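Open the model in your viewer and keep the selection panel at hand.

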Amino acid sequence: MKNVVSKTIIILISVVIVIGASLIIGVKTNASLKTRYYVFHKYGMFIDIIDREGGNRLELGYDRFTVSPKNNKRLTFTVYIDYTSNKITDTYDQGLKTYKEEKKLNKEISSQIYNLGFKDEFSNYIDLQFVAGGENNYKNLLYLSTEKPIQFNPFKEKKRYYQLLEVLKKSHANIHKVIVTDANSNSLQLDKYMLQNDLNSDEFLTRLKIANWELASYYSNKKWSKELDKIKNERFYFGSQYDKYAYNCQVMNQKAECTTILVIVTYQNGGLNMKNPYLKEDLKTIFNFFDHTMKAKPRWEILFVEPDTQKSVRFFESDRNRFKNIDVFLMNYFK
């Protein structure tokens, strides 16, 4: 009798295992059911599916599910199903670590964040998100919103963002980056260096410039605006109707100086060709400023535009340097 019971139990266990295996690797099984079984089998938890990316009825390619335990909506992770290899992976360990860091942003810390005029961008509570970059390589991101518009020109909000930084440091949460967005989709970032180092107000502003190209562009353009005004004439000006600045900073050094820039020049209609007797003179004036006057000397890219004709000419400093003199350069770029 005991042998019969034992065999029955073994058969039942085998059936469960077979069903489970078919749920994981079977071609015709439902992907969400497969995900639920996978998480329960591995972690012993029931889940809610929050979002799904990829997937189709034939289960070709991949499926990526964002899930959370039924008893803890604030712990989220992804389950990735690769139908090509019939493998399933997940980011539960990373999600759990992020959740533990998020708990450090307790009611007291969250209240102070709210009092400074910031709130979570996606939920009613301060919520960390993580970006996976491998099993042991991920980043915790904090997304916040602000009702006050983020304005770089001029920038008057250094004090409030410095106070936000100090509050976050008090939590001792492992945050790699903070992204603050306003209603117009403008954003400002606090990077890992700011969050992990003691900075005075001036050092904080320097790091803000390094982390936010638009802020670096504002201060750099402000510094050189008088010199640039001396260069422009009736044929051209720096910037355009769509650009706030004469040039945009693309790379900054540790002093927050712009070391790589994109220069925008609005030129008179019909002037970007060899028939224009002033084009060579204008180019030499512009080149001289960015090659010799502006310090520290940046690597530059220049975009010339004619607003009405929609003609444009774009080239890098390295393109200019390929030619032995400016006349040959003109012949190649301004025909």
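Select Tyr267 first. Tyr267 is buried, at a relative accessible area of 2%; buried means under 20%, exposed over 50% and partly exposed in between, with a 1.4 Å probe and protein chains only. The model is a predicted one, where local features need pLDDT of at least 70, side-chain atom pairs count only at pLDDT 80 or more, and totals for chains, interfaces and linings use all residues. Residues are numbered from 1 along each chain as its sequence is written, and side-chain values use heavy atoms, with hydrogens and water left out.

**Ring pairs**

Rings of Phe, Tyr and Trp (its six-membered ring) pair if their centres lie within 6.5 Å; planes under 30 degrees apart are stacked, over 60 edge-to-face, the rest tilted. The count by this rule is 31 aromatic pairs. Phe236 and Tyr267 are stacked, 6.2 Å centre to centre with 0° between the planes. Phe236 lies in strand E10 (residues 236–238) and Tyr267 in strand E12, so the pair ties together parts 31 residues apart in sequence. Helices (H or I, at least four residues) and strands (E, at least two) are DSSP runs, numbered from the N terminus. Phe236 is buried as well, with a relative accessible area of 1%.

Next, select Phe287 and Phe315. This pair is edge-to-face: 6.1 Å between centres, 85° between planes. The pair links distant parts of the chain, with Phe287 in helix H9 (residues 279–293) and Phe315 in strand E14 (residues 312–316), 28 residues apart. Phe287 is buried at 5% relative accessibility; Phe315 is buried at 1%.

**Charges over rings**

Stay on Phe287 and show Arg320. Arg320 lies over the face of Phe287, 4.9 Å from the ring centre. The rule: NZ of Lys or CZ of Arg within 6 Å of the ring centre and within 35 degrees of the ring normal. Then go to Arg160, whose charged end sits over the ring of Tyr161, 5.4 Å from its centre.

**Largest pocket**

On a 1 Å grid over the protein atoms alone, a cavity is a set of points where a 1.4 Å probe fits but cannot get out; a pocket is an open set with protein on both sides within 12 Å along at least five of seven lines; lining residues have an atom within 4 Å of a point. Grid points are joined across faces, edges and corners, and a volume is the space filled by probe spheres set on the points.

The largest pocket holds about 630 Å³ of space. Select Thr66, Thr76, Phe77, Thr78 and Phe130, the closest to its centre of 26 lining residues. Which strand gives the most to this lining? E6 does, with five residues. By class, the lining has nine nonpolar, nine polar and eight charged residues. Nonpolar means Ala, Val, Leu, Ile, Met, Phe, Trp, Tyr, Cys and Pro; charged means Asp, Glu, Lys and Arg; the others, Gly among them, are polar.

**Second pocket**

Now show Gln241, Tyr242, Val305, Glu306 and Pro307, which lie nearest the centre of the second largest pocket, lined by 14 residues. Its space is about 210 Å³. Strands E12 (258–267) and E13 (299–305) each supply at least two lining residues.
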